[in-house]
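Please open the model in your viewer and keep the selection panel at hand. The tour below goes from one selection to the next and says what is found at each stop.

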Amino acid sequence: MKDRNKTLGEFIIEKQEEFKYSSGELSRIINSIRLAAKVVSHKVNKAGLVDIVGAAGEQNIQGEDQQKLDVYANEVFIQTLINREIVCGIASEENDDFITVQGKDASHNNKYVVLMDPLDGSSNIDVNVSVGTIFSVYRRITPMGTPVTLEDFLQPGVNQVAAGYVIYGTSTMLVYTTGHGVNGFTLNPAIGTFYLSHPNMKYAPDGKIYSINEGNYIHFPQGVKDYIKYCQLEEGDRPYTSRYIGSLVSDFHRNMIKGGVYIYPTSSKAPNGKLRLLYECNPMAFIAEQAGGKASDGFDRILEIKPTELHQRVPFFCGSRNMVEKAEEFMTNAT
Ligand code: P6P
């Protein structure tokens, strides 16, 4: 069968043996994400039509107003994961603490934990800009048969067994890796099927797009200021183009296809940066590296950071390898 006509379901079955813990477990994890993505996509695409947009009136642990779609997406992904009898625990940006999942016989015998940002960029919903879901999957490290603990969630990114994102844009796409490259699937909403539209996605080693919120320029570290001025200089293949959507999944996805770098650094307003290590930076870093790109905190590899807190934030430099390394060079020279 030509790759382009392959469905996500056919692809998972074909690749099953690549997943080193294969016993249908990858299928159940990705299939629950697939189902939830279709349900959330349907709701996101109707957001302007029904009274589901706008703050739910509550705040999440980040102190951010929860949009109703945030709450909805969170519940959909949590429930589909629990129903598939595959996870022993779930952590979400929208939940202060992790969720323990006992399994049908309350045995705590499920092997995986999933961490997610159920609807990243949700502040863009009201202005009809693309948003996304980000997920990260680990095997538990505490004994089977016991309740999951925080230790199962605080694993370094190199331990991920799968990671991916859903982008709810002009089309809905599911992009994921299990450590054997990155593949993108586009939803045909008419029949509710994801098709392999972007096989073996790769980050171009170089690019001409830099994505950063320059409104924070005066608050940035000197190395970031220096890199921005480098991007704007009339020299060689510069000036580059500045593109910043304010939705990590969208900026990342565009940069992977066209070549580019996304930076969310520390600043005097965000001393540890804004993005969360466990369910934004680690999964996107895993995907970036699997696509030949790079991801660091400006100095060190994201995937090797040892987490200390569920919602901890880190600075994030991610994208085309040569561009990340050039930005790191400015960071090092400025210290
Ligand atoms: P700022 C969305 O809230 C998010 O976490 C990312 O998706 C996005 O890239 C970033 O924050 C935007 O943050 O401070 O530039 O508005």
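**First stop: the annotated sites**

Begin by selecting Asp117, which lies in strand 5 (residues 112-120); helices (H or I, at least four residues) and strands (E, at least two) are DSSP runs, numbered from the N terminus. This is a predicted model, in which local features need pLDDT of at least 70 and side-chain atom pairs count only at pLDDT 80 or more, while totals for chains, interfaces and linings use all residues. Residues are numbered from 1 along each chain as its sequence is written, and side-chain values use heavy atoms, with hydrogens and water left out.

Asp117 counts as buried because its relative accessibility is 0%, where buried means under 20% relative accessible area, exposed over 50% and partly exposed in between (1.4 Å probe, protein chains only). Leaving aside residues up to four places away in sequence, Asp117 touches Glu93, Gly132, Thr133, Ile134, Tyr279 and Glu280, a contact being heavy atoms within 4.5 Å.

Glu93 is in the loop between strand 3 (87-92) and strand 4 (99-100), and at 5% relative accessibility Glu93 counts as buried.

Next select Asp117, Asp120 and Glu280, where UniProt also places the feature "binding site" (unreviewed entry). They span 164 residues in sequence, but no two of their C-alpha atoms are more than 8.6 Å apart, so they too gather at one spot. Glu280 belongs to helix 7 (residues 277-290) and is buried, with a relative accessible area of 0%. With residues up to four places away in sequence not counted, Glu280 touches Asp117, Asp120, Ile134, Leu248 and Leu275.

**Second stop: helix 6**

Among the buried residues of helix 6 are Leu248, Phe252, His253 and Met256. Just after helix 6, look for Gly259, which takes a positive phi of about 90 degrees.

Select helix 2 (residues 25-44) and helix 3 (residues 68-83), whose axes come within 9 Å and cross at roughly 155 degrees; axes are lines fitted to C-alpha atoms, for helices over the stretch in contact, and angles run from 0 to 180 degrees between N-to-C directions. That makes helix 2 roughly antiparallel to helix 3, for angles under 35 degrees count as roughly parallel, over 145 as roughly antiparallel, 65 to 115 as roughly perpendicular and the rest as oblique. In helix 2, residues including Ile33, Ala36 and Val40 meet residues of helix 3, among them Leu69, Ala73 and Phe77.

Finally, move to helix 5 (residues 222-232) and helix 8 (residues 321-334), which pack at an angle of about 135 degrees with their axes 7 Å apart. That makes helix 5 oblique to helix 8. The contact includes Val224, Tyr227 and Tyr230 of helix 5 as well as Ala327, Phe330 and Met331 of helix 8.

Methods
UniProt positions are given in the numbering used here, feature names are shortened, and annotations may be inferred rather than shown by experiment.
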